[in-house]
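Please look at the structure below and follow it from the overall fold to single residues. The paragraphs after it take up one feature at a time.

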Number of protein chains: 2
Amino acid sequence: ASALVSKVLDFASKVRKIAADDPRKVVHCLKVGLALALVSVFYYTRPLYDGVGGAAMWAVMTVVVVFEFTVGGSLYKGLNRATATLSAGSVAFGIHWLAIKSGRTADHIILGASVFLLSSAATFSKFIPAVKARFDYGVTIFILTFNLVAVSSYRVEKLLALAQWRFCTITIGFCICLTVCVVIRPVWAGEELHRLVMRNMEKLADSLEESVAEYLEEEEEGGVDCNQKLGQKSQGYRCVLNSKSSEDSLANLARWEPSHGCFSFKHPWRRYLEVGAAMRQCAYCIESLDSCINSENQPPDSVKKHLAKVYAKVATESSKVLKELASSFRSMRKPSSIDYLVEDMKNTADELQNALGSLPQEATSLIIETLPLITAASLLIEVSARVEG
Amino acid sequence: ASALVSKVLDFASKVRKIAADDPRKVVHCLKVGLALALVSVFYYTRPLYDGVGGAAMWAVMTVVVVFEFTVGGSLYKGLNRATATLSAGSVAFGIHWLAIKSGRTADHIILGASVFLLSSAATFSKFIPAVKARFDYGVTIFILTFNLVAVSSYRVEKLLALAQWRFCTITIGFCICLTVCVVIRPVWAGEELHRLVMRNMEKLADSLEESVAEYLEEEEEGGVDCNQKLGQKSQGYRCVLNSKSSEDSLANLARWEPSHGCFSFKHPWRRYLEVGAAMRQCAYCIESLDSCINSENQPPDSVKKHLAKVYAKVATESSKVLKELASSFRSMRKPSSIDYLVEDMKNTADELQNALGSLPQEATSLIIETLPLITAASLLIEVSARVEG
């Protein structure tokens, strides 16, 4: 029994941690509850009920399915759903009309064949990357609506009125959903993407600085087994390595959002992906730098001491550049001092190379690693300059 | 007009390429069409229609929403949908009964509060990673069904019969969907994952070999600007870098699959993710090796020539190990010759280190890069030995 209690307590603390880490998640849940409570008003109020009829379930369904964490997500799903319902409805109606015109036996064949062919074609369109990214949900709804209308129309005579009600309730559901989503503490996918990229930049700068500092400290203490001490900060670059998929999905959703805050409707979200790719390049370098630090082939202490200063300088200046970029990203202004900082960084890198030239070879194993890092950093600068410009 | 025609032709060739690259995608589309055509039989046949009634639309909906590319995906969605519908239905029924018992005014409050609270709580549960991975779709359906039943029960008196029909049609839809999915050329998520990991291993081996070969060739031609020549093979490791999300989702789906081929129900799919992580580690090393090759700081030719042989040997033997692992992965047998190969690789690595010791330092920039690669490779071996064992 005590094992069960401790398990429950464990779970509760986990849940509390999730809520504390991002209170917006709790707000989101309350928003969903509110939107659904609002929709049920349509069921409870008599006049509305009589107007919308049994189709009101489509309003509930729309709210449940369309309500997403970000505004972009809700817009994407809502617009896809509305467009797909409308277009699939008209196509199905046209085919139904054609089937009736062509007589009692032919209509079976026409309807069956059209269900088979259109469903297959629509399913295939999902494999096209451009369609997948923007209209995946819409295609699903298209298939669904087309089949429901094409097939049910065979029985129900007042198809047009039904379709009208259905579309009407979907619109009502979408409006309630969107209003709640935008009015109460909206979470914008664009802003999320912006913050993610910015935070990743800061993490990169931190972990670059930290891992070098740890390496030099370790040397002072004379021990090699300080790996366990690796702080959380120096592991920050791992988040950067794995952020590709969240960046991609956020950029996809951000496209659907209207202008908000300092982002216009046509904000170049794609550039964020380029910056993200450049940062991952950077993170790969830090990764191999890290494995060099932890490797068993350590240069002799004398060499390390000789290079420690200039090595620390390169790291500090690279991370300064990254931090400057991050802060200019934060304020959405063109970085002012970045040119000087990059110049400094390049000079220090040259200095490092000269220092390398006057040294026994074992030492280079570690330091040469920073060179691709610097290359990646300058690449990063280039790309982000384009974003800001 | 000709611009339009060329655009259409361009699009058509793109579509043909997608179909030719993976014919299973075309088969999948036809399967979806077939399943939907089968479902519409339920509408067209009178006796079935009278039995299932208007609830037959749920069969169509189930097929459209549940049918996924892999068997695991269909099972995941179908089982989630069935379980969620059943449990949400019973909970909603219980609350409805409670509401009726408590009188005319209290029932509004009870129903409204339960809609708000349960929807919020269920939405929150999606933020818990373990729930998200396995029951994301189920939670959505739970919210949907609960709301539909709780709210509509207020009007419809014969709730129990309705629920029964609805569940029945969902089951029919699920069975049709699953039968078509499994009987006609099934695509197993587990097999896909297995193949993906195997192919990634081969790609790693190829790109390791290729990039080193290119580097040495380049040296023979004396030019540095051969970067453009970088073949497709040597870029294979990039796929490995970006395969994390597809590995994760395939492993999630593979868990739902019954035993098939040489995979049992409790196949350790999680180990595949570990192997994948180790391979990405490897790919990071190749990435920085690549940037070293393309960097402007090239060692003098004499040094390069001196090391070319042993360098090529390390690369060949590392890639041999990877290929042996891949082929043992393919045949699902414990690698037989792997121990010798790893021994060879380690010996050559030692040789390389000795060669380094007798050389001016500039050269080390490139070669030292292979050391973490070897570390990663041996890590990989360790992990995959565990998988096979």
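A residue counts as buried when its relative accessible area is under 20%, and as exposed when that area is over 50%. The model shown here is predicted. In it, A:Phe124 has a relative accessibility of 13%, so A:Phe124 counts as buried. Across the whole of chain A, buried residues account for 52% of the 389 residues.

The fold of chain A can be described in a few numbers. Chain A contains 16 helices and zero strands. Take the contacts in this chain between residues at least 6 apart in sequence: 79% of them join residues at least 24 apart.

Two of these helices can be looked at as a pair. Helix H4 (residues 57-66) of chain A packs against H5(A) at an angle of about 140 degrees, and the axes are 9 Å apart. On the H4(A) side the contact is made by A:Trp58, A:Met61, A:Thr62, A:Val65 and A:Val66, and on the H5(A) side by A:Gly73, A:Ser74, A:Lys77, A:Gly78 and A:Arg81.

One of these residues, A:Lys77, also lies over the face of A:Tyr137, at 5.0 Å from the ring centre. In chain B, the charged end of B:Lys77 sits over the ring of B:Tyr137, 5.0 Å from its centre.

Next come the aromatic rings. A pair of aromatic rings is described by the distance of the centres and the angle of the planes. Over all chains, a search of the structure finds twelve aromatic pairs. One of them joins A:Tyr76 and A:Trp256, which are tilted, with 5.7 Å from centre to centre and 55 degrees between the planes. A:Tyr76 belongs to helix H5 (residues 71-101) of chain A, whereas A:Trp256 is in the loop between helix H11 (244-254) and helix H12 (269-293), so the pair ties together parts that are 180 residues apart in sequence. A:Tyr76 has a relative accessible area of 11% and is therefore buried. A:Phe124 returns here with A:Phe127: their ring centres are 6.2 Å apart and their planes are at 65 degrees, so this pair is edge-to-face. Ring pairs also link A:Phe69, B:Phe124 and B:Phe127 into a cluster.

Helix H11 shows where buried residues can lie around an axis. In chain B, the buried residues of helix H11 (residues 244-254) are B:Glu247, B:Leu250, B:Ala251, B:Leu253 and B:Ala254. These residues cover an arc of only 165 degrees around the axis, so they lie on the same side of H11(B). In chain A, A:Glu247 is found in helix H11, and A:Glu247 is buried, with a relative accessible area of 1%. Apart from its neighbours within four places in sequence, A:Glu247 is in contact with A:Leu193, A:Leu196, A:Asn200, A:Leu273, A:Gly276 and A:Arg280.

At 13% relative accessibility, B:Phe174 is counted as buried. Which residues are in contact with B:Phe174, leaving aside its neighbours within four places in sequence? They are B:Thr62, B:Val66, B:Ser74, B:Leu75, B:Gly78 and B:Leu79. B:Thr62 is 112 residues from B:Phe174 in sequence, yet their C-alpha atoms are 6.4 Å apart in space.

Methods
Residues numbered from 1 in each chain as written. Chains lettered and ligands numbered in written order. Predicted model: local features only at pLDDT ≥ 70, side-chain atom pairs only at ≥ 80, totals over all residues. Heavy atoms only, no water. Phe/Tyr/Trp six-rings, centres within 6.5 Å; stacked < 30°, edge-to-face > 60°. Helix = DSSP H or I, 4+ residues; strand = E, 2+ residues; numbered from the N terminus. Buried < 20%, exposed > 50% of the residue type's maximum accessible area, 1.4 Å probe, protein only. Lys NZ or Arg CZ within 6 Å of the ring centre and 35° of its normal. Arc of directions from axis to C-beta. Axes fitted to C-alpha atoms, helices over the stretch in contact; angles between N-to-C directions. Contact = heavy atoms within 4.5 Å.
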